[in-house]
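Please look over the model below before reading on. The questions concern how its chains meet.

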Amino acid sequence: MFTKPIHIKLFFLAVLIAALLLPLFISDAYMFQVVIMSILFAIATCAMNLIIGFTGQASLAHGAFFGIGAYGVAILTKAGVSFWLALPAAAVMAVLIGLPVGLISLRTRGHYFAIVTLCFGVIMWIVAGNWIELTGGENGIFGIAPPGDILVPLIGRIDFSSQAAQYYLALAFLLLTLWALYRIVYSVFGLTFMAVRNNEALADAVGINTFTTKLISFEAANFIAALAGGLYAIVIGAVSPSAAGYGLTFNFLIYLILGGIATLSGSVIGAFAIPILMESLQFLQDYQLLIFGALLVVVIIYFPMGFVGGLRRLNQIIADRRRRKKSEAVHVSG
Amino acid sequence: MLKLNQVHTNIGGMQIIQDISLEIQKGEFVALLGSNGSGKTTLFRTIAGVLKPKIGTVEFDHVGIHRLPVHKIVELGLVLCPQGRQLFPELSVEKNLILGAYPLRSDKTRIRKNMDRVFEFFPILKERLHQHAGTFSGGEQQMLAIGRSLMSEPKLLLLDEPSVGLAPLIVKLIGEVIASISHEMKTTVFLSEQNANMALNITQRGYVLENGRCVLSGQCSDLKQDEKVRKAYIGA
Amino acid sequence: MFLAKSLTKLFDGLAAVQDVSFEIKQGEILAIIGPNGAGKSTLFNMMTGTFKPTSGLVFMDGHNITGLKPYRIVTKGMARTFQTTSLFDQLRVIDNLMIGYKWRTGLGFWNTLLHTPKWKAYQTEAFLRAMEILEFLGLTDKSEFFIPALSQEEQKRLAIGIAMMGKPRMLLLDEPTGGLIQEETDRITRLIQRIRDQGTTVCIIEHKMQMIMGLADRIVVLNYGKKIAEGSPEEIKSNQAVIEAYLGGEVHA
Amino acid sequence: MELFLQQVFNGIMFGSTYAIVALGLTLVMGILNIPNFAHGHLYMLGGYVTYFFFATLGLGFWLSLLASMIILGMVGVVMERVVFRPLTGQPPINDFIAAIGSLVFLEAFALAVWGPQGLRITNPYPETFQFLGITMTVQRVLVIVAAAALIVGLHFFMKKTVLGATIEAVAQNREGAMLTGINVNRVSAITFAISTATAALAASFLSPIFMLSPSMGAILGMKAFIIVILGGLGSIPGAILGGYILGLIEALGGGYVSAAYKNVFAFGALILILSIKPTGLFGKKEA
Amino acid sequence: MKHLILPMRMAVIGIFAWAALSTNALAKDVVIGFTGPLSGPGAGYGRDVLNGIKMAADDINKGGGITVKGKKYTVKVEGLDDRIDPTIAVNNARRLSSRSKARVIFNPVFNTIAPLMQINQQKTSQFLLMAYSSTPKIEQIPNDLTVSIPPPFTAYVNAFCDMAWKKGWRKGAMMVTLGAYGDEWREAFKHHWEEIGGEILADKPANYYTETDFSAQLSAVIATHPEFLLIGGPSEPTGLVIEQAHNLGFNGGFVLVDQAKMDYIADVVFKGDLSKMGNVIGVAPIVGLPSPVIPEWNKRYEKEYGVHDTFEALLNYSATMIVVHAMEKAGTIDNPQAIKAAFAKVLPQDPTKVPTPFIGTLGPKLLITTTAGEIIDGKYTKVNQYVWWTKDEAAYMELLKSIPASDNVVTSWLPLKGYLQ
């Protein structure tokens, strides 16, 4: 009942193969860098999609949980813990910190929830900038080493300071995230998220514990965001408060909405398209942000459902036109 | 006075109103019958300008109003008393009524006069002049809604399901008031109802809506006898 | 099977429902009627856990379920619908139904993520139950439709269907025919009778007298938050207090 | 004790600013249901426009203030028309994104026109005096007085004029207002203009005290947002009370405990209040 | 789900199209890269740095460009905005090194310097990182391709302490900007001041970047009746602090951390009226610097960029000169190691040509004297110039020969822990 037609599966397979082969076509370190960062942002945006898009709770603490992952990995690896242990530990840390945050903020709804989580996010950001003993204050933590080389049978030694290895590492996590979200979203369990978003009173009345459902979604989003943050720490090699800031949250939100909210592909598309757009507006220099700000407004007005939503509408229009033509043809022949 | 020409209205891509043409003369009292979801409210909202017809025209006093904004239509004298009352819950009865007379806002004496007339119909409103509208019962809110829509001295009053969700006693009272609005004030009234009994007893003429189409129209006495109407709406 | 004991609900000191007690027996259709503002919906909300009673107790099968949250009450075998048709209008018909089965299954986070055998079994079970209900409602051909594409009556049927998904032993319906014309009302009435015939107890709030008289086994009448009468339709029809309070002295056609 | 009074005075002054800015935002959020996250940046623009009239054109302080309010009022009208009205009927999160786009634009605009360096208006009332052992400048007292005057004025406007009543009517029931013949779009534009003009007013009074910079609106905008929620969405008394609460918490927390964490106290207080009253101080029962 | 095909396809096409369209520098240019804040709260600071670099490049190009192994090149400066966001900074650096083939990249903020030090030694994108940040933290990260430009702030700490002590000040209070830089500064100042026998009465940091009203903190520190206040962050808000302190009735003196510049504050905040500032100790005013080219440089800079000149612009101007000359000496424009190695050969810089001449190198640091100045009774006093890196008096005397002298400058030796050779 939740299976996809064969040609869709083939298409995804093709995208997957293209993604795996992409490093062969990337000519320089710059493009590599942008793509790697986009993958990390895509992971975080997918997570945001789970809580905002599918569950309908506008959590604006997302950047802070990304930051917890980044700081967690930074602190633990600095203390000598292996990255492979530090990453899940940091993600679990995000879940633990997310628990009181969720328990308090999920009592509120709508705008109120958005603002309470925003406040939590800002508080965590301020703490990151001032708890010097733990976070290094505004300077942050620097010199974070990538994970040590590992030997993989058939492939050989992987050196994680290379961009290719970082690319595949990030890609693996993105695929894992998409796989998990796919499974959740296309299941009765995932339907309960959308049920809570759509009609909370009815969801409650048909036996769904709406609070727990929201909390699970919130925590799953935090967990994934922290994973993305942990990867960010080793790719950038330094963590400072801007990796936990509300600016990051807003960026994710822009990727999410302009990509297409509540669609799996939208988050990925948004997280790739917007940073690439920003990079390509670099030539405007002083006017870059002027143009970007205006573009943002125009796009949201003309594509309120984002890129994916716009395409759906386009497909709809094309389909309608085709149908009309067909019926006209029948008319003529009849 | 009011003339609809092949009106089609869409909401969110779905065609709710299809090809409706009708005409109402000055001074008439006309009913619009139909079940929930048949498109009565959509039709009224289209006439009042809240929704714009996809195809077709709406004429009021020989002026095409289907592209005018709502407030212009109100200024012309066509007022909709909407379903769900749409009052200002945190404003007093007095302010609700004053805002009802918004098109006449510069003429204080006329507002006073109209308010007194509303109090004649619904004395209870005068008793509760300074109470917030939101604290009222359903029946009282309906009275206020009707009162508010009378404040601007409409030439044509559209009443959208004034009896919905009200106890039979109140329905009776409201029905009487509407009838006297039509008779005493000489206001043209277009009344939408699913309570066909009540509507057909007080109006002169009626249209029956089904799935957004006008399936039947005629004098009330004829409609009452119609087999289909009896079965579907009256339950005889 | 169900027992309400001196239920009282105060809003800002004003009693919306006052000291109402009644019983619902296994397999019957009980109707609660009363004029607007009589406290029907408040009473209903207390029975289903949406409101916590100020005082009084609610029992289901002898268990005290007072103050339980709605999602817990469902697991006790009691499901409800809402006065204004309440559906998941962003989802398809089939999804709407499957959500109603969720509480019966162990379809949690980990099972879903790992597609455990348990998950597969339950997912199939939920699907089969949904198909069963669709057939019962006569909506099989609409399973892939989104809600706005359904007619008013179909939506009302679906709302009842969602409540039935979790196999409740008692169904509480809040004005299931509100806003429908006579013909449609008759069809819904027949549907309710079929539900009862399957062995499900039904409690219904309505103000369409005629329909209730033909459908209910027993009727409880509320006015100003108090119970003023209880009995068979015949008894209610001839009860003077009811006629005065509710019908305003004349019987509504 | 003197120190305490000094901090309270400072808190009230901050609070006055917050109250004015939040007042404008709560009108827009409550009535038009637009989460205008760019409000702080409109405040910033108001400051720069005042600077333009005062320092560049050499108009007097009060004239510059008036001109700034008028220009910002027009900016508000344009913004409502161009940015937010086309988004009517879409989820509030889209308004939020549009607001972020607007604030990015406004900040870049100010940067392009006035440059990154902090600008400053010569204080027209720099005199200081002592009162109860507190040192204060006339300008600072003026901020407090102006806020009080604005609050009283706005109250009368809302409660005693037909235009004020129409604004409330649109807030409470948009369609209902439409059907009584109120031109809802015009009311929206007026509301937006009032909102941005009050932001300009706040900025004008503060610009002699503070430095103007293109990014000065970001934190203030966020705080205004928080105050609006703290007070209860759309509630005017809520915004005023919330503004003063935030100002006092910041001054006392920053003065006595830790400046680094003064925003933590402010934001923490919001969380605390909302965890007790999930719809804010004056919020309606169900959001 | 059919709708997914088109977006995916377009995304892939988009990436490749974007890759193909990106520009490459002309072969005859030597590109010097810059990434730093050009918008947002640090924009003024970042633009000052970039202006200094651009002006140096212009001056060189006016003189015919540079000649490396007989080939002529023009110097082209490419500046990108990173808003102090590490992600953008790394993207920018990758872009500058991969696309524009910049082998020297300037960055003026530690938060972005640290991540750049993570990548600047990678084979795929090697570049010499010219780091403009006075925190000694840079020296803690092992990196062979980083050069730190300004003198360490600890040199200022010691110099200012000495000057304040000589004025007879004993009791101070601190209200420095929040953040890593300010935290380190006040920590170091407190430590040194107490070491020489002084007293710190209160310590209330404030956020100079986001806050604009400091009366809360000021009231608290003034209440302890200090003789002077240690204040500072970016220049403009520091000027406000001085003004607000006076408004609150404070009559003592001020010591400014090195980020705040007294001449900038005097000109911009107080419109040139030095008497409004009271007694101040801080980084020397630019007009007081010993180099003879300063007045002319000043005039050109302010005409060209329309803003007040700053120390940041000056130092980065001089640093750019070193880089370009080192390229000529090394005979390469694309080998960062060789360029760095050639630094020693072009130092010390000629004081009649560059306004702030660097004298030598020490590990990753360029060496320059620390200059401190004072305002007393509405006038600048003579500038104090300190040599802070020589290990003894003799070495200092030897070095003195290569340091520009002037009647307006008093030069002395300032032994600084951790840097004594």
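What follows is a set of questions and answers on this predicted model.

Q: How much area do chain A and chain D bury between them?
A: The contact draws on 36 residues from chain A and 47 residues from chain D. Carbon and sulfur atoms account for 83% of the buried area, and the total for chain A and chain D is about 3500 Å².

Q: How many residue pairs are in polar contact between chain A and chain D?
A: Salt bridges across the interface of chain A and chain D number zero. Counting pairs with both residues at pLDDT 80 or more, the polar contacts between chain A and chain D come to four residue pairs.

Q: Which element gives the most to the side of chain A that touches chain D?
A: By class, that side of chain A has 30 nonpolar, four polar and two charged residues. The elements of chain A that give two or more residues to it are helix H13 (288-302), helix H11 (246-259) and helix H5 (110-130). The top contributor, with twelve residues, is H5(A).

Q: Which helices of chain D do the buried residues of H13(A) pack against?
A: The buried residues of H13(A) include A:Leu289, A:Phe292, A:Leu296 and A:Ile300. Within chain A they pack against H11 and helix H12 (264-280), and in chain D against helix H3 (61-84) and helix H4 (92-114).

Q: How far apart are the end C-alpha atoms of H13(A)?
A: H13(A) has 15 residues, so at 1.5 Å a residue it should span 21 Å. The distance between its end C-alpha atoms agrees with this, at 21 Å.

Note on methods
Residues are numbered from 1 along each chain as its sequence is written. Chains are lettered from A and ligands numbered from 1 in the order in which they are written. This is a predicted model: local features need pLDDT of at least 70, side-chain atom pairs count only at pLDDT 80 or more; totals for chains, interfaces and linings use all residues. Side-chain values use heavy atoms; hydrogens and water are left out. Contact means heavy atoms within 4.5 Å. Buried area is the accessible area (1.4 Å probe) that two parts lose on being put together, summed over both. A salt bridge is a side-chain nitrogen of Lys or Arg within 4 Å of a carboxyl oxygen of Asp or Glu. A polar contact is a pair of N or O atoms within 3.5 Å; within protein, one must be able to donate a hydrogen and the other to accept it, and residues adjacent in sequence count only if both atoms are side-chain atoms. Helices (H or I, at least four residues) and strands (E, at least two) are DSSP runs, numbered from the N terminus. Ala, Val, Leu, Ile, Met, Phe, Trp, Tyr, Cys and Pro count as nonpolar, Asp, Glu, Lys and Arg as charged, and the others, Gly among them, as polar. The expected span of a helix is 1.5 Å times one less than its number of residues. Buried means under 20% relative accessible area, exposed over 50%, partly exposed in between (1.4 Å probe, protein chains only).
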